[in-house]
Amino acid sequence: MAEHTKRIPVQHIVGFVLSITLTLLAVWAALGSNLSTTWIIVSIMVLAVIQAGIQLFMFMHMTESESRNGHVPWNMMFHGFVLAAIVVAGSLFTMSFGHDHNGGEHNQQEQQEQHQQHSGH
Amino acid sequence: MSSHELKSGPLEYRTEQGQMNILGFWIFLGAEIVLFSTLFATYAVLFGRTADAPLPGELFEPGTVLIMTFLLLTSSFTCGISIHEMRRGSVKGLTTWLIITLLLGLGFLGFEIYEFIHYEHEGATLQSSAFWSSFFVLAGTHGLHVTLGIGWAILLLLQLAKRGLTPVTSRKVFIISLYWHFLDVVWIFIFTSVYLIGMVV
């Protein structure tokens, strides 16, 4: 039972310090830096992904040998993350670029004008 | 229960039942990622559709959100320590750190409830616009998960007090630790893509 006799859980402390640092860095990038909005969004999302990785690998025992690695379904977690990325990015892409609101309204106006012209003749 | 029990390694992995339950829980977490992704997608698509309700940038406060983030990050850390104590065979260490984890979780919930009430006073409710609906559903689902986790952990603490550390109780505690760390992973993304981006854009 007492195989883990280490008194100090070094990995957890390192993970904790890293996650606090990354959070503060993200807050600074968002509210304190002079980056453009696009670069703020890109950089804080990258920081979030790194921090999620720290949680998974340093806190959730994903790499420990005791679980013989076969018992953490890497493929399942990877599958989940890929699906999540597709759902979020795909929805955003479809709803932002799938069709053009202004173009549509413009066409409708044109059609109405044409219609009026026709009826005028 | 499997007939063969391992003699070494962490208690929770020694029976085949324990190994399979932990594997199953990882698969559940994979599905949870997809569940939250649909809520994130809804939020991202409805971003800016605030109608006459206040804009997110007007209501989000860096101070409150940062306190909530630190509470949850620290609770994830103390939850890791409680598993560390469990592996050292210390029921007392395990319960102490688990209770600290729960108190931090309760603190987080308290701030979230305060925040939601504050938003409601400012005119942003579930019904006020598409944006705020998606916000409350996303943050609320996470808050519901935290609430369930706290209830679950209290029941486990009762079992630990009654039965002590066995392959069964240690497996249950290990699984709830995975759940708790996962809540932190989801919160990191809510903190970044909802609060930080909401304050910047």
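How many residue pairs are in polar contact between chain B and chain A, with both at pLDDT 80 or more? I counted three residue pairs, taking a polar contact as a pair of N or O atoms within 3.5 Å; within protein, one must be able to donate a hydrogen and the other to accept it, and residues adjacent in sequence count only if both atoms are side-chain atoms.

Ground rules. I am working from a predicted model, where local features need pLDDT of at least 70, side-chain atom pairs count only at pLDDT 80 or more, and totals for chains, interfaces and linings use all residues. Residues are numbered from 1 along each chain as its sequence is written, chains are lettered from A and ligands numbered from 1 in the order in which they are written, and side-chain values use heavy atoms, with hydrogens and water left out.

Confidence. I noted an ipTM of 0.86 and a pTM of 0.86 for the complex. Chain B averages a pLDDT (the predictor's confidence in each residue, from 0 to 100) of 92, and 98% of the residues score at least 70.

Interface. I found 52 residues of chain B and 53 residues of chain A in the contact, meaning heavy atoms within 4.5 Å. I looked for salt bridges (a side-chain nitrogen of Lys or Arg within 4 Å of a carboxyl oxygen of Asp or Glu) across the interface of chain B and chain A and got zero.

Annotation. In UniProt, an unreviewed entry places "domain: Heme-copper oxidase subunit III family profile" on residues 23-199 of chain B; such annotations may be inferred rather than shown by experiment.
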